[in-house]
Amino acid sequence: TINLPIVVNTWPFTNATQAAWNALQKNLSAADSLVIGCSTCEIEQCDGTVGYGGSPDEHGETTLDAMIMDGGSLAVGAVGSLREIKNAIGVARAVMKYTDHTLLVGDLATEFAVEMGFKRESLSTNRSRQMHLSWKENKCQPNFRKNVVPDPKTSCGPYSPKTTNGPEDRISKGISPDNHDTIGMVVIDSVGNVWAGTSTNGANNKIPGRVGDSPVMGAGSYASNSGGGAAATGDGDIMMRFLPSFRAVLEMERGVAPDVAAKIAMTPIAAHYPDFSGAVVAVDVSGRHGAYCHGFSWFSYSVASSANSTVHVVKVPC
Ligand code: SD4
């Protein structure tokens, strides 16, 4: 049976699902619906980890990662470490629509966004300033540094490389299951056009300049009209090394069911990094969906589809 159209996204971000679904019902394209869905989370600051005002970096700045992919043409638009623009998924869409490029980063991505009519504004909020302050008060722990010596006066930066050879040590882990939620969305319209995308503010206390998995095609998400779409959430620094969304879609192209495809995509990550946490959600071209997770106690995703157009949440134990 064919369960199209369909909207699926990571986590119980049901307003985003509903917004994308409503857009599809109004005959907007899968692309527009996906942008509307992810933008909803950017405006609502879903879980504090999508959009402005979350995950301040070591300097206290929020930067955003986002991508969008067309499963028909395989075109991608993405932004990494985008500064001072709230609508990251919109800028990703603009990269696809108005350029021959795939990925723009940092300040210069901001410059492009401003040219395209996006508003430049601070992404800091009282909440993100407070998060950054308490992190500093806690001697900049946890953080993403390893094999470095912190400034003895501050216990924080500037850091210098350790000169003695010893076992690799990370000062402390910066990622935990409650410190990272990304919206990753797959939208398939009634004739089987698959679109996938992501939007996130990344990881708390990241080193300025850090780009996660979310804007990396095949890592954060992937789409193919002959397989389906997939999106990932979790410890992006680890997950991006395995291109889990690409793997899941490749499996679905061979006819593998989405939950199994997600499991196949995640298994090698868990084999190399048993301590990582993350999840992949997958939707095939018939509108079947499933997910696989590791390191969380559970993962959930939101769905609206022709079979059940009331937005609902599917909870998966990890
Ligand atoms: C990142 N993968 O930047 C993102 C964060 C995330 O669930 O997904 N959180 O690493």
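Colleague: Which strand does S10 pair with, in what sense, and over how many bridges?

Modeller: Strand S10 (residues 228-234) pairs with strand S11 (residues 278-284), antiparallel, over seven bridges. Two strands pair if DSSP finds at least two bridges between them. Strands here are DSSP runs of E with at least two residues, helices are runs of H or I with at least four, and both are numbered from the N terminus.

Colleague: Before I go on, what kind of model is this?

Modeller: This is a predicted model: local features need pLDDT of at least 70, side-chain atom pairs count only at pLDDT 80 or more, and totals for chains, interfaces and linings use all residues. Residues are numbered from 1 along each chain as its sequence is written.

Colleague: Back to the sheet. What is the strand order?

Modeller: The order is S9-S10-S11-S12, an open sheet of four strands with antiparallel pairing. Strand S9 (221-224) and strand S12 (289-294) stand at the edges with a single partner strand each, so one side of each has no neighbour in the sheet.

Colleague: Which residue is the bridge partner of Thr 233?

Modeller: Ala 279, in S11.

Colleague: Which strands does helix H7 touch?

Modeller: Helix H7 (residues 244-253) packs on the sheet and touches S9, S10 and S11. Helix H8 (residues 258-272) also packs on the sheet, touching S10, S11 and S12.

Colleague: Which residues does UniProt list for "binding site"?

Modeller: The unreviewed UniProt entry lists Arg 210, Val 211, Gly 212, Asp 213, Thr 233, Gly 234, Asp 235 and Gly 236. UniProt positions are in the numbering used here, feature names are shortened, and annotations may be inferred rather than shown by experiment.

Colleague: Is Asp 213 buried or exposed?

Modeller: Asp 213 counts as buried because it has 31 C-beta neighbours inside 10 Å. A residue is buried if 20 or more other C-beta atoms lie within 10 Å of its own, exposed if 12 or fewer, and partly exposed in between, with C-beta atoms placed from the backbone. Asp 213 is in the loop between S8 and S9.

Colleague: What is Asp 213 in contact with, beyond its neighbours within four places in sequence?

Modeller: Ala 219, Gly 220, Ala 232, Gly 236, Met 239 and Met 240. Contact means that the C-beta atoms of two residues, placed from the backbone, lie within 7 Å.

Colleague: And where is Gly 236 found?

Modeller: In helix H6 (residues 236-239). Gly 236 is buried, with 29 other C-beta atoms within 10 Å.

Colleague: New topic. How many residues of H3 are buried?

Modeller: Nine of the eleven in helix H3 (residues 88-98), among them Arg 93.

Definitions and conventions: Axes fitted to C-alpha atoms, helices over the stretch in contact; angles between N-to-C directions.
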